[in-house]
Amino acid sequence: MDSGAGTRPMEDGVVTDLSGSMSYAEYLALPTLLSAQRPVSHPEHHDEMLFIVQHQTTELWFKLVLHELRAAVEALDADDLGRALKGVARVKHIQRTLAEAWTVLATLTPSEYLEFRDSLGASSGFQSAQYRAVEFILGNKDPRAMTVFEDDPTAHAHLTHLIGAPTLYDAFWRHLARAGLAVPASVLGRDVREPWTLRPELLPLVIDVYERPGDHWETYEAFEELVDLEENFQLWRFRHVRTVTRIIGGKRGTGGSSGVGYLNKALELTFFPELFAARTELGR
């Protein structure tokens, strides 16, 4: 019998009796996940749901970014560059998804946001422990940022650990040193509690790799993967700035920051400065 256009019969093999079996909802903890969106505006404003879902999904992606970056550090410590770069490649795809997601929040107009902004109190993305953890593991360590998390022992302990741990970039240079490249001792012995800043003594090595890629192909490829990683991060930051500008203009942030002015300063940060500084010197 013709089932009719636009319909699809249930296949005989589809499991319909889930008694005693793990279901899709149970595996993904959907009752917990989908009940976590709790608007606080009174009366509840329609667009607050967008705001909550946008930020919650960003935090889920940050969780996966941290999962992959931690694994990449472990792979570099084990001198498995290929596995580390596989993790970096996955992070790059996540970054593209995060950057594109700003277009959804950008549909929130200034007047719509003002309907529930006061309900947010002092909450702000500045207080995202996972975002701060991503910055720490990539080298932008700022102990002053830790004060925001003093009332959250779990987040504070995690960030304290990352402050004292080698970054992805540290692990990368240590791997290259074990592979036989002439990484300066000052780089290998640096205080990992400090933020990474430009190390001029690394530039001759970076320039040599770029000038003779055939002799250092894996390292050359790794350099470009890290450049991609930073560029994607900067694109995410830029989309963040433009979305905030579109919604609140020059107003201060809910967490007390200068808003767009504060976010613009982040565009000046760099995780892997030698990989960019070497470009100026190439060909001279």
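Trainee: Contact means heavy atoms within 4.5 Å. Among contacts in the protein chain between residues at least 6 apart in sequence, what percentage joins residues at least 24 apart?
Mentor: This is a predicted model, where local features need pLDDT of at least 70, side-chain atom pairs count only at pLDDT 80 or more, and totals for chains, interfaces and linings use all residues. Residues are numbered from 1 along each chain as its sequence is written, and side-chain values use heavy atoms, leaving out hydrogens and water. For contacts between residues at least 6 apart, the share that joins residues at least 24 apart is 69%.

Trainee: How many helices does the protein chain have?
Mentor: Helices (H or I, at least four residues) and strands (E, at least two) are DSSP runs, numbered from the N terminus. The protein chain has zero strands. From the N terminus on, its elements run α-α-α-α-α-α-α-α-α-α-α-α-α. The helix count is 13.

Trainee: What box do the C-alpha atoms of the protein chain fill, and what percentage of its residues is buried?
Mentor: Taken along the principal axes, the box is roughly 70 × 55 × 40 Å. Buried means under 20% relative accessible area, exposed over 50%, and partly exposed in between (1.4 Å probe, protein chains only). The protein chain has 284 residues, and the buried share is 40%.

Trainee: Leaving aside neighbours within four places in sequence, which residues is Phe223 in contact with?
Mentor: Phe223 is one of the core residues that touch the most other members. Phe223 is in contact with Phe172, Trp173, Leu176, Val206, Val209, Tyr210 and Leu275.

Trainee: Which elements do the buried residues of α10 pack against?
Mentor: Helix α10 spans residues 203–211. Its buried residues are Leu203, Leu205, Val206, Ile207, Val209 and Tyr210. They pack against α8 (168–178), α11 and α13 (273–281).

Trainee: Is Ile52 buried or exposed?
Mentor: Ile52 sits in helix α3 (residues 48–77). Not counting residues up to four places away in sequence, Ile52 touches Gln37, Arg38 and Pro39. Its relative accessibility is 15%, so Ile52 counts as buried.

Trainee: Which residues does the UniProt annotation "binding site" cover along with Ile52?
Mentor: UniProt positions are given in the numbering used here, with feature names shortened, and annotations may be inferred rather than shown by experiment. This one comes from an unreviewed entry. Along with Ile52, the annotation covers Phe51, Val53, Gln54, His55, Tyr113, Arg117 and Thr254.

Trainee: Where does Arg117 lie, and is it buried or exposed?
Mentor: Arg117 lies in the loop between α5 (110–114) and α6 (129–138). Its contacts beyond four places in sequence are Ile248, Lys251, Arg252, Gly253 and Thr254. The relative accessible area of Arg117 is 15%, so this residue is buried.

Trainee: What separates the C-alpha atoms of Leu120 and Lys92?
Mentor: Leu120 is found in the loop between α5 and α6. Leu120 touches Phe51, Tyr113 and Thr254, not counting residues up to four places away in sequence. Leu120 and Lys92 are 28 residues apart along the chain, and their C-alpha atoms are separated by 31 Å.

Trainee: Why does Glu68 count as buried?
Mentor: Glu68 belongs to helix α3. Setting aside residues up to four places away in sequence, it touches Gly87, Arg90 and Val91. Glu68 is buried because its relative accessible area is 8%.

Trainee: Which residues does His240 touch, not counting residues up to four places away in sequence?
Mentor: His240 is found in helix α11. A UniProt annotation "binding site", from an unreviewed entry, covers His240. His240 touches Trp102 and Leu263.

Trainee: What is omega for the peptide bond from His42 to Pro43?
Mentor: Pro43 is in the loop between α2 (30–33) and α3. The bond from His42 to Pro43 is cis. Its omega is near -5 degrees.

Trainee: What is phi of Asp79 near?
Mentor: Asp79 lies in the loop between α3 and α4 (81–105). Its relative accessible area is 38%, so Asp79 is partly exposed. Phi of Asp79 is positive in a residue other than glycine, near 60 degrees.

Conventions: Core = buried A, V, L, I, M, F, W, Y, C linked by side-chain atoms within 4.5 Å.
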